[in-house]
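Dear colleague,

I am passing the structure below on to you, together with an account of what was found in it. Please read the notes that follow with the coordinates open beside them.

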Amino acid sequence: MTNQMQLLDRRPTEMVTTDILVVGGGAAGLAAACTAARQGLKVTLLERYGFCGGAAVAGLSGTICGLYLARPDAAGKPEKIVFGFVDEFIAAMKSRDGLTEPVRYGDTYTLVHEPLAWRETADELVQRHGVQVIYHATVIGVQLDGGERVAGVRAFTKQGAIDIRAQVTIDASGDADLFAMAGLPTSVGAHGKVQNPTMIFRMGNVDVDRFLAAYGSDAIMPDSVSKAIMAANAAGTYKLPRAKAFLFPTPRDNELLCNCTRIIGRDGRELNPLVAADLTEAEIEGRRQARQYWAFFQANLAGCENATLNDTGVQVGVRQTRQIVGIDTLQNQDVETGRKRSDAIARSAWPIELHSGIKPRLSWLYENYYDIPLGCFIPLQSESLLATGRCLSAQHEAMASARVTAQCFSYGHAIGHAAALSVKEKIEVRSLRASDVRTLLNEDGAQLDA
Ligand SMILES: Cc1cc2nc3c(=O)[nH]c(=O)nc-3n(C[C@H](O)[C@H](O)[C@H](O)COP(=O)(O)OP(=O)(O)OC[C@H]3O[C@@H](n4cnc5c(N)ncnc54)[C@H](O)[C@@H]3O)c2cc1C
């Protein structure tokens with residue numbers, strides 16, 4: 001007698017066909033889906049949660065970084081250099097009072113957002129552009145058609161499996177899940193070591209005016225706060241593994257968004273969020289740290305004496321997992337030198353913001369920006385599959401700059417056009433011309449030639 005196990009799900013599988021399939025409703029997936037749908041194509045967006053927003057909302061990353069130039073001491077007025085889909089998003093968020101004015105972050109500026117307004121804005125935009133959204137759908141495999149051609153995916157939902165066939169599929173999962181499922185080459189961090197996850201939390205009942213009077217308008221807390229954190233650790237009163245805290249007043253009254261934890265394993269090892277046990281440990285350790293930092297802030301920071309710990313992210317914030325291997329790769333040097341390229345589909349002035357060790361490393365690019373080429377989103381092998389968002393093909397430090405939200409909107413905008421061009425003009429994705437995508441982006445106001 002054999003002892004074979006049988007995997008069973010007797011529920012019927014629903015079949016869906018679409019022109020373009022987008023997996024993941026983060027900043028990049030939302031922009032890609034809306035852009036492709038505006039070209040008159042049938043677009044389906046799958047998202048494992050019940051809302052769009054990804055790291056920005058589920059992970060509570062909380063601010064739209066990457067919109068403005070950097071200058072020493074953030075001198076002068078904020079100068080915006082990223083345009084396009086993000087402007088439609090910003091306008092819709094502002095109509096809900098869901099965004100602050102520019103808030104100082106070191107030598108540049110960022111916009112702090114309200115996560116409920118983000119979810120509602122995303123719902124409005126997908127409906128406005130006619131995207132068919134399926135929430136609570138987790139992709140569990142890719143459908144391969146004739147060797148390496150990706151023809152769609154299978155998703156798990158509560159009704160059972162759904163098979164979606166698409167002419168072009170966009171991996172906006174942040175984790176390059178589809179590339180990994182298809183066995184396509186990917187890379188992970190610096191020799192497998194990724195940036196630390198962070199559990200972001202919000203504190204309510206803060207006297208924000210007194211807080212700002214004590215620490216200034218820069219969300220990066222001054223050295224005096226870092227020293228107090230290190231002294232508390234040395235005294236054994238708290239266990240706070242990151243000494244540089246980023247604390248942002250939000251669009252809500254009396255609230256601070258707190259980006260300050262640094263999630264490492266209980267045994268001190270760096271965690272890899274691609275490993276189920278590590279991700280679980282990160283969630284538990286993240287909540288433990290949030291409670292510790294809140295207690296420290298309450299006891300030590302002006303304006304926070306009566307602060308409440310409102311909430312943590314729906315999930316721990318994961319900065320980095322897999323990068324795809326594209327036909328082009330953003331190099332560390334491209335970022336450091338502000339390289340410009342004629343095949344660019346996005347630009348960034350964000351510093352290399354590398355979260356590793358007790359203080360995140362920030363390397364600024366002053367009064368300059370670098371370009372990100374289309375090839376970073378096109379697979380080295382395979383057709384009919386594109387990537388967008390933070391899983392772009394990039395070296396480790398380059399990714400630590402290129403991953404922020406404004407750029408993810410730009411990548412989605414570009415890849416939405418690229419996918420639509422591929423379907424409408426019957427061009428294989430690896431034969432797409434960056435100049436054609438760039439023209440369409442500029443027609444939408446991306447100002448890449450300005
Ligand atoms: C702790 C932290 C702090 C940060 N701080 C900032 C900041 O202050 N400002 C800033 O601009 N950026 C910040 N970032 C970076 C920024 O938030 C992200 O890089 C960016 O939002 C990524 O967008 P994305 O669309 O590429 O991916 P994501 O936002 O990760 O979206 C991917 C989506 O895909 C879905 N998904 C994943 N796998 C599957 C699957 N198999 N099936 C179906 N759906 C799936 C996910 O649920 C998610 O919604 C921070 C990130 C972290 C982690």
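**The ligand and its surroundings**

The ligand is surrounded by 36 residues, and the closest of them are Glu47, Arg48, Ala55, Arg403 and Thr405. Please keep in mind throughout that this is a predicted model.

An N or O atom in the side chain of Arg48 lies 2.7 Å from an oxygen atom of the ligand, while a polar backbone atom of Ala27 is 3.2 Å from an oxygen atom of the ligand. For a nitrogen atom of the ligand, a polar backbone atom of Thr63 is found at 2.8 Å. Taken alone, the ligand would expose 1000 Å², and the protein buries 97% of that area.

As for the secondary structure, the elements that give two or more residues to the shell around the ligand are helix H1 (27-38), helix H2 (54-57), strand E3 (63-64), strand E7 (138-145) and helix H11 (405-425). Of these, H2 gives the most, with three residues. Sorted by class, the shell consists of 15 nonpolar, 15 polar and six charged residues.

**The chain as a whole**

Twelve helices and 20 strands make up the secondary structure elements of the chain. Its C-alpha trace spans about 70 × 65 × 40 Å along the principal axes. The radius of gyration of the chain is 22 Å, which agrees with the value near 22 Å that a compact globule of 450 residues would have. Of the 450 residues in the chain, 60% are buried.

**Cysteines**

How many disulfides does the structure hold? There are zero disulfides in it. Cys65 is in no disulfide, since the nearest cysteine sulfur, which belongs to Cys408, is 11 Å away, whereas a disulfide would need the two sulfur atoms to be within 2.5 Å. Cys65 counts as buried because its relative accessibility is 8%, and the cut-off for buried is under 20%. Cys304 is likewise in no disulfide, with the sulfur of Cys258 as the nearest cysteine sulfur at 7.4 Å. Cys304 is buried too, because its relative accessible area is 0%.

**Backbone angles to check**

His136, a residue other than glycine, has a positive phi near 55 degrees. His136 is located in the loop between strand E6 (132-135) and E7, and with a relative accessible area of 52% His136 is exposed. Glu367, which is not a glycine either, has a positive phi of about 45 degrees. Glu367 sits in the loop between strand E18 (361-363) and strand E19 (370-373), and its relative accessibility of 53% makes Glu367 count as exposed, given that the cut-off for exposed is over 50%.

**A contact made by a buried threonine**

Finally, Thr18 belongs to strand E1 (residues 14-23) and counts as buried, with a relative accessibility of 7%. A polar atom of the side chain of Thr18 lies 3.0 Å from the backbone oxygen of Lys42.

With kind regards

Definitions and conventions:
Residues are numbered from 1 along each chain as its sequence is written. This is a predicted model: local features need pLDDT of at least 70, side-chain atom pairs count only at pLDDT 80 or more; totals for chains, interfaces and linings use all residues. Side-chain values use heavy atoms; hydrogens and water are left out. Buried means under 20% relative accessible area, exposed over 50%, partly exposed in between (1.4 Å probe, protein chains only). A residue is near a molecule or strand if one of its heavy atoms lies within 4 Å of it. A polar contact is a pair of N or O atoms within 3.5 Å; within protein, one must be able to donate a hydrogen and the other to accept it, and residues adjacent in sequence count only if both atoms are side-chain atoms. Accessible areas come from the Shrake-Rupley method with a 1.4 Å probe; for residues, only the protein chains shown count as cover. Helices (H or I, at least four residues) and strands (E, at least two) are DSSP runs, numbered from the N terminus. Ala, Val, Leu, Ile, Met, Phe, Trp, Tyr, Cys and Pro count as nonpolar, Asp, Glu, Lys and Arg as charged, and the others, Gly among them, as polar. The radius of gyration is taken over C-alpha atoms; the globule rule is 2.2 Å times the number of residues to the power 0.38.
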